[in-house]
Amino acid sequence: MTAAPLEVTDLSAGYGPTRVLEGVSFSVAAGSRLAVLGRNGMGKTTLFATIAGQTKRYGGTIRLGDKELGNMESASRARSGLGYVPQARCIFPSLTVEENLFVGLKDRDRSAIEEAYDMFPRLKERRKNLGSQLSGGEQQMLSTARTILGKPTVLLLDEPLEGLAPVICEELMAAFSKLAAAGDMTILLVEQRIQSALDFADHAIILERGRVAWSGAPADLSGQQDVVEKLLGVGGLH
Ligand SMILES: Nc1ncnc2c1ncn2[C@@H]1O[C@H](COP(=O)(O)OP(=O)(O)OP(=O)(O)O)[C@@H](O)[C@H]1O
């Protein structure tokens with residue numbers, strides 16, 4: 001499969017009567033990398049959960065390639081090419097690493113598991129360990145690898161670096177960059193480690209109270225100190 005474009009138009013969503021996203025529009029070209037940034041509670045996770053069909057959508061469209069996802073169940077969105085690695089690492093703690101990966105294979109041959117081991121050699125070393133015996137970084141690798149084995153054409157990564165040591169963050173970001181460079185996936189990344197996200201992405205959007213408050217190239221942000229302070233709550237970028 002090759003990467004697909006994603007186009008979100010006038011999306012609004014929330015939880016019961018609480019509207020969180022309002023009029024969110026952006027597009028991501030096939031094979032490109034979008035950083036979704038914003039302070040805590042601004043709607044980043046809600047955006048990804050809505051694209052994945054796990055939050056109530058009130059209006060707007062979500063187009064992946066030539067398919068409209070808006071009215072599909074989550075499983076159909078996944079079959080249409082959407083891969084979602086949620087913030088809470090989703091692994092089966094009582095299954096081994098290898099068994100966890102089998103779950104991600106769907107109808108692919110077992111030999112495809114080598115793709116996951118090529119990307120994350122650490123998982124190969126731990127293949128007989130139970131999910132519960134993995135470190136936070138290894139769990140993140142497993143959660144990501146399992147989704148990638150499903151061959152998504154658009155991949156959503158929600159705060160993959162959360163709580164991880166710098167050396168593991170570098171390892172993960174290198175793996176994501178390799179994936180992006182292969183051209184098989186369009187990647188959207190939510191990340192609090194702003195500089196890592198900007199280094200990775202070729203475009204960024206910043207959410208503020210559920211709306212897109214800024215959109216542009218990562219390089220443009222470094223010259224906009226007021227935007228960085230107001231929308232990201234940090235003093236500066238490196
Ligand atoms: N299950 C829920 N029910 C009701 N409100 C929720 C629920 N999940 C999130 N919210 C609210 O939606 C808003 C956006 O939350 P969301 O988790 O999408 O933000 P975020 O930008 O991802 O934050 P963070 O960076 O802290 O993860 C917040 O006000 C939050 O309290």
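Author: In sorting residues, Ala, Val, Leu, Ile, Met, Phe, Trp, Tyr, Cys and Pro count as nonpolar, Asp, Glu, Lys and Arg as charged, and the others, Gly among them, as polar. This is a predicted model, in which local features need pLDDT of at least 70 and side-chain atom pairs count only at pLDDT 80 or more, while totals for chains, interfaces and linings use all residues. Residues are numbered from 1 along each chain as its sequence is written.

Reader: How do the residues of the shell around the ligand divide?

Author: The shell around the ligand holds 3 nonpolar, 7 polar and 1 charged residues. A residue is near a molecule if its C-beta atom, placed from the backbone, lies within 6 Å of it. Among the residues surrounding the ligand are Y15, T18, N40, K44 and T46.

Reader: Which elements give two or more residues to this shell?

Author: Helices (H or I, at least four residues) and strands (E, at least two) are DSSP runs, numbered from the N terminus. Here, β2 (18-28) and α1 (44-51) give two or more residues, and α1 provides the largest share, 3 residues.

Reader: What is the order of the strands in the open sheet?

Author: Two strands pair if DSSP finds at least two bridges between them. The open sheet of 6 strands has mixed pairing and runs β6-β7-β8-β3-β9-β10. β6 (82-85) and β10 (211-216) each have a single partner strand, so one side of each lacks a neighbour in the sheet. β6 pairs with β7 (residues 154-158) in the parallel sense over 4 bridges, and G83 stands opposite L155 in β7.
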